Amino acid sequence: MTLRAALRARTVSAALTAMAAATLQAAAADISIIGKWQIVEAQPAPWAAPGDQTALAAEGKNLLKTEVTFAAGSVISKFKPFNCKSKVLYEANSIEADALFQGNLPEPNPTAAAARLGFPKGDIPGVDVHCLKAQHTFHFRDANTALININRVIYTFKRQ
């Protein structure tokens with residue numbers, strides 16, 4: 001390979017990498033958690049022990065129809081772990097399927113487990129919500145559906 005061809009290949013590779021990064025950032029930027037959401041589904045996490053499934057399902061039902069409003073600088077909800085009246089920060093992210101829910105999706109194929117939860121292939125956009133008393137990570141199935149793990153229950157939020 002000539003020096004000119006090697007430089008051209010390196011330039012093309014760098015351009016493709018930059019385009020991929022820009023596409024990923026654009027996809028994450030299209031995701032916003034700001035607005036009113038409602039918990040519409042709750043299910044035991046796939047990594048929860050079989051003997052815990054019934055209790056976790058009952059725990060999840062208690063939060064169905066709970067509303068959460070994400071606003072600039074605050075989160076408002078009757079569910080106290082989400083209620084943060086000030087200094088809330090939002091940080092967009094994008095992660096691979098095997099890192100969803102702090103990497104807890106079951107092996108040997110966490111990508112298949114993510115697909116069963118309705119996530120698309122590829123990197124999953126999300127938002128970290130930083131509050132003084134807690135941090136929550138919401139993983140987006142689409143722009144109007146986000147999932148979160150709380151105490152081995154996966155809650156599905158829908159934008160209202």
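Where is lysine 87 found? I located lysine 87 in the loop between S3 and S4; helices (H or I, at least four residues) and strands (E, at least two) are DSSP runs, numbered from the N terminus.

**Basis of the entries**

I worked on a predicted model, in which local features need pLDDT of at least 70 and side-chain atom pairs count only at pLDDT 80 or more, while totals for chains, interfaces and linings use all residues. Residues are numbered from 1 along each chain as its sequence is written, and side-chain values use heavy atoms, with hydrogens and water left out.

**Backbone entries**

I looked up phi for lysine 87 and found a positive value of about 60°, although this residue is not a glycine. Lysine 87 is exposed, its relative accessible area being 62%. I applied these classes throughout: buried is under 20% relative accessible area, exposed is over 50%, and partly exposed lies in between (1.4 Å probe, protein chains only).

I noted a positive phi, near 55°, for phenylalanine 101, which is likewise a residue other than glycine. Phenylalanine 101 belongs to helix H3 and is buried, with 1% relative accessible area.

I then checked omega for the peptide bond from glutamate 107 to proline 108; the bond is cis, with omega near 10°. Proline 108 sits in the loop between H3 and helix H4 (110-116).

**Disulfide**

I found one disulfide in the structure, the criterion being a pair of cysteine sulfur atoms within 2.5 Å. Its partners are cysteine 84 and cysteine 131, with sulfur atoms 1.9 Å apart. Cysteine 84 lies in the loop between strand S3 (74-77) and S4, and cysteine 131 in the loop between strand S5 (124-130) and strand S6 (135-142), so the pair ties together parts that are 47 residues apart in sequence. I recorded a torsion of about -120° about the S-S bond, so the disulfide is left-handed. Cysteine 84 is buried at 4% relative accessibility, and cysteine 131 is buried at 14%.

**Salt bridges**

I counted two salt bridges, each requiring a side-chain nitrogen of Lys or Arg within 4 Å of a carboxyl oxygen of Asp or Glu.

One of them joins lysine 36 and glutamate 67 at 3.5 Å, N to O. Lysine 36 is in strand S1 (residues 35-44) and glutamate 67 in strand S2 (residues 67-71), so this pair ties together parts 31 residues apart in sequence. Lysine 36 is partly exposed at 39%, as is glutamate 67 at 36%.

I also noted aspartate 52 with arginine 152, whose closest N and O atoms are 2.7 Å apart. Aspartate 52 lies in the loop between S1 and helix H2 (53-61) and arginine 152 in the loop between strand S7 (145-150) and strand S8 (153-159), so the pair ties together parts that are 100 residues apart in sequence. Aspartate 52 is partly exposed at 29% relative accessibility, and arginine 152 is partly exposed at 33%.

**Phenylalanine 70**

I placed phenylalanine 70 in strand S2. Is phenylalanine 70 buried or exposed? Phenylalanine 70 is buried, with a relative accessible area of 2%.
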